[in-house]
Amino acid sequence: MPSGGPTHKLPAASQFPEPPSRQDEPPRASSRVYGRQRSGRGPVKPMRAGREPSQKGPREPRRRPSGKTILKIIAGLLVVLLVAVVGLFFWIDSRLAGIDGVLDDYEGRPADTPGANWLLVGSDSRKGLTAAERRKLATGRAAGQRTDSMMLLHIPEGSDKPTLVSLPRDSAVTIPGKGRDKLNSAYAIGGPKLLVRTVETVTGVYVDNYMEIGFAGFVDIVDAIGGVEINVRAAVDDPKAGLKLKKGTQELNGSEALGYVRTRKGGALPDFERTKRQRQFLGAVVKKAASPGVLINPFTSIPLAMSATDAVEVDSSTGAFDMLSLGLAMGDSPVTTVVPFGGNELIPAGGTAVKWDRTKALALFDALKNDKPVPKDILDAS
């Protein structure tokens, strides 16, 4: 400062009056944010450069099961499945009803041949049906027991397809010790044992296994698998069989299927058409029963096993393994045919019976005995 000049002094802070304070008003903060006057009364909070670090430690990675653990789990499941299958197998075997003496040896019996031969019989037994069920199924009240259908199934040892041959129930045959009569009379006279002996005598084919099923079991099996799909080639209206079906592919329940294989309506040769329907139906049942949707589902496979073992009767030497072989053979789309026949024959008991074409019938049965495919000309003739 130049000497002698006036001297200016800033007033002391105490010389300025303080503004009156308002007790009810919080102190105002006067600050600047980024160079501009900040509004609001709250204190300025410091800015954070980023999120605060978490107080928790880092997550541990999820542990995946090792290959050895996965193999142990798979092996355990396979063991459980194997035990269940084996247990089911023996359970089914214990439930099969065996008929003693059906396949007993006798003098002059044909020699055993390669492959396996089954005699499959559908009887008209009303056993197990109430009076109301008989009326519903239109089975009638006939006494006794006769064969409603008979088929001879040959399962070859090699890779050839099985052969399923229908034996018309009204076939004229010689029944051992009883003379000339219809084939189904053998069952009515001497039961399964005489029927097997008659079939072996007239065909020359050794029978390894025998199985029969009655009306009640027939219906139960079809209902257990939820019905079967059948292509009805012509409309059927048969009050005697309790059946009325339209033409075309349709689902049949147990009672409808029973009527379908029993009816004699349709075709110029009713008995011949009947055997064709029986083979068609048997193939449809096995195909449905062997489908994954039935076998894998315990709610269908177990009722089916129970119905099947309750419904069928077999010879005392036939077990669950044989039944499995039968099911596999029927699921292999067997060649189906009927014994070649031509004309009718008068029988001593009265009435007429179906007369087989002896030459062609022998050629058919010789092929089965020798475990060979049936010649095509025989199949075409049938």
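A nonpolar core, as I use the term here, is a set of buried Ala, Val, Leu, Ile, Met, Phe, Trp, Tyr and Cys residues joined through side-chain atoms within 4.5 Å. The model on the screen is a predicted one.

First, the overall picture. The protein chain has 382 residues, and 39% of them are buried. There are 11 helices and 17 strands. Taking contacts with a separation of 6 or more, 65% are between residues 24 or more positions apart. The accessible surface is about 23,900 Å², with carbon and sulfur atoms contributing 56% of that.

Now the cores. The largest nonpolar core has 40 residues, and those with the most contacts inside it are Leu120, Leu153, Phe218, Val228, Tyr260 and Phe281. Another core lies apart from it, with 30 residues, including Met150, Tyr187, Val205 and Ala361. As general background, nonpolar side chains in soluble globular proteins tend to be buried together.

Which residues does phenylalanine 218 contact, leaving aside neighbours within four places in sequence? They are Ile213, Gly254, Ala257, Leu258, Val261 and Phe281. Gly254, Ala257, Leu258 and Val261 are also among the buried residues of helix 5, together with Gly259, Tyr260 and Arg262. Helix 5 covers residues 254-262, and seven of its nine residues are buried, so the helix is largely enclosed by the rest of the structure.

Strand 3, residues 97-99, runs parallel to strand 14 and is joined to it by three bridges. In that pairing, isoleucine 99 stands opposite aspartate 315. Strand 9, residues 209-213, also pairs with strand 14 over three bridges, but in the antiparallel sense. There, glutamate 212 stands opposite glutamate 313.

Is threonine 113 buried or exposed? Its relative accessibility is 15%, so it counts as buried, the cut-off being under 20%. Not counting residues up to four places away in sequence, threonine 113 touches Tyr206 and Lys369.

Leucine 183 is another buried residue, with a relative accessible area of 1%. Leucine 183 sits in helix 3, which spans residues 183-203. Beyond four places in sequence, its contacts are Met150, Leu167, Pro168, Arg169, Ser171, Val173, Leu195, Thr198 and Val199. One of these, valine 173, is 10 residues away along the chain, and its C-alpha atom is 5.9 Å from that of leucine 183.

One backbone point. Most residues other than glycine have a negative phi. Aspartate 371 has a positive phi, near 60°. It is located in the loop between helix 10 (358-369) and helix 11 (376-381). Aspartate 371 is buried, at 14% relative accessible area.

Last, the surface. Ile70, Ile74, Leu78 and Leu81 make a nonpolar surface patch of about 380 Å². Isoleucine 70 belongs to helix 1, residues 67-95. In an α-helix there are 3.6 residues a turn, so residues three or four places apart point the same way. How accessible is isoleucine 70, and what does it count as? Its relative accessibility is 40%, so isoleucine 70 counts as partly exposed, a class that runs between the 20% and 50% cut-offs.

That is the end of the tour.

Conventions: Residues numbered from 1 in each chain as written. Predicted model: local features only at pLDDT ≥ 70, side-chain atom pairs only at ≥ 80, totals over all residues. Heavy atoms only, no water. Patch = residues over 30% accessible without salt bridge, like charges linked within 9 Å, V, L, I, M, F, W, Y side chains within 5 Å. Areas by Shrake-Rupley, 256 points an atom, 1.4 Å probe, with all protein chains shown as cover. Salt bridge = Lys/Arg side-chain N within 4 Å of Asp/Glu carboxyl O. Helix = DSSP H or I, 4+ residues; strand = E, 2+ residues; numbered from the N terminus. Buried < 20%, exposed > 50% of the residue type's maximum accessible area, 1.4 Å probe, protein only. Contact = heavy atoms within 4.5 Å. Pairing = 2+ DSSP bridges.
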